[in-house]
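Please keep the sequence and the model in view while reading.

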Amino acid sequence: MGAVSDSITERKFRYLFRTNPTARNMAERSIEMVVNSVAPAFSVEPKALRIAIIHEDSLYGTTVGRFQASYAKERGLTIVETLPYPANIVDMSSLILRLQAAKADVVLQTSYQNDTVLFFRQAREANFRPRAIIGGGGGYSLRETMQAVGPEVMDGVLNVDFTQYAINPKAAPGIEDFVAAYRAKYGMEPRSGHSLGNYVGAKVFLDAIAAAKSLAADDIRAAVAAVDVPDGTTPEGWGVKFGPDGQNERAKMMGLQWQDGRLVTVYPPEAAVSELRLRR
């Protein structure tokens with residue numbers, strides 16, 4: 001219900017299913033946003049933008065970064081740097097110098113919280129201000145990251161991740177009820193969209209188990225495989241239909257942006273609650 005590496009569902013395990021979107025979809029959406037949102041915002045051709053891909057070097061970051069490079073190549077985009085680094089990195093100054101030397105217009109970063117915070121702090125110290133920064137979930141989706149580096153630093157930063165809470169309810173029916181129930185139970189705002197993704201995913205599986213003929217493994221598997229939830233009918237904004245590999249073929253990432261201290265949906269248009277804002 002939360003892991004994104006594509007290899008999880010590529011091993012042909014008979015009893016393994018995944019409700020959430022994958023690293024491939026995250027990468028595809030980030031490149032799609034460069035082409036359809038960032039380039040038009042600056043009135044330039046997408047291939048004129050100089051793109052750098054940086055990522056932590058575990059399976060998570062490596063998988064997303066690899067797919068980003070592949071999709072960028074398919075679209076004819078210009079990649080000027082691809083820089084992996086350890087997730088526990090304590091100094092990114094040399095990496096940022098390389099981004100500056102490459103004159104990167106757009107930085108795509110897949111990272112956890114600590115390396116996200118470190119990147120923004122040291123980029124600010126070096127006065128590195130690319131035209132756009134697009135995160136791949138992880139630290140980019142957490143309110144604590146924004147609080148650590150400051151809303152003025154995160155303002156305008158883009159992100160691709162699971163559905164977050166500022167989304168058009170018409171595209172994600174039930175989102176308002178979920179947020180209200182979360183507040184009532186925990187006495188706080190949801191920290192990130194992972195709680196929503198886990199709620200929607202758990203409900204899919206629990207409903208399937210309840211509909212199964214018995215609790216035998218093959219009966220549960222048959223009930224899960226038969227799930228058919230139309231697109232746009234869950235609080236996530238996507239539907240559910242499992243492919244032969246156990247992957248939910250209707251799961252998709254959303255395009256988000258930090259605006260005035262809030263992470264809001266800006267892409268695709270039917271799910272957006274705000275217009276894209278980029279510094280010129």
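## Basis and nonpolar cores

A nonpolar core is a set of buried Ala, Val, Leu, Ile, Met, Phe, Trp, Tyr and Cys residues joined through side-chain atoms within 4.5 Å, where buried means under 20% relative accessible area, exposed means over 50%, and partly exposed lies in between (1.4 Å probe, protein chains only). The model is predicted, so local features need pLDDT of at least 70 and side-chain atom pairs count only at pLDDT 80 or more, while totals for chains, interfaces and linings use all residues. Residues are numbered from 1 along each chain as its sequence is written, and side-chain values use heavy atoms, with hydrogens and water left out.

In soluble globular proteins, nonpolar side chains tend to be buried together. The largest nonpolar core here has 51 residues, and those with the most contacts inside it are I54, L99, V107, F119, F120, F128 and F242. A second, separate core has 34 residues, among them L49, I51, A72 and F162. With neighbours within four places in sequence left aside, L99 is in contact (heavy atoms within 4.5 Å) with A52, I54, E81, L83, A104, V107, F119 and F128.

## Helix pairs

Helices (H or I, at least four residues) and strands (E, at least two) are DSSP runs, numbered from the N terminus. Axes are lines fitted to C-alpha atoms, for helices over the stretch in contact, and angles run from 0 to 180 degrees between N-to-C directions; those under 35 degrees count as roughly parallel, over 145 as roughly antiparallel, 65 to 115 as roughly perpendicular and the rest as oblique.

The axes of α1 (residues 23-41) and α2 (residues 59-74) come within 8 Å and cross at roughly 45 degrees, and the two helices are therefore oblique to each other. On the α1 side the contact is made by A23, R24, M26, A27, E28, S30 and I31, and on the α2 side by T63, V64, F67, Q68, Y71 and A72. For α3 (residues 93-101) and α4 (residues 113-125), the axes come within 10 Å with a crossing of roughly 60 degrees, so this pair is oblique as well. Here S93, I96 and L99 of α3 meet F119, Q122 and A123 of α4.

The axes of α7 (residues 175-186) and α8 (residues 194-211) come within 12 Å and cross at roughly 110 degrees, which makes these helices roughly perpendicular to each other. Residues I175, F178 and Y182 in α7 meet S195, L196 and Y199 in α8.

## A buried loop serine

S192 is placed in the loop between α7 and α8, and its relative accessible area of 10% makes it buried. The C-alpha atoms of S192 and Q164 are separated by 6.7 Å, although these residues are 28 residues apart along the chain. Apart from neighbours within four places in sequence, the contacts of S192 are S141, L142, Q164 and Y165.

## Backbone exceptions

Most residues other than glycine have a negative phi, and most peptide bonds are trans. N127, in the loop between α4 and β4 (132-136), has a positive phi near 55 degrees and is exposed at 57% relative accessible area. D260, in the loop between β6 (254-259) and β7, has a positive phi of about 55 degrees without being a glycine, and D260 counts as exposed at 57% relative accessibility.

A cis peptide bond joins Y267 and P268, with omega about 5 degrees; P268 lies in the segment after β7 (262-267).
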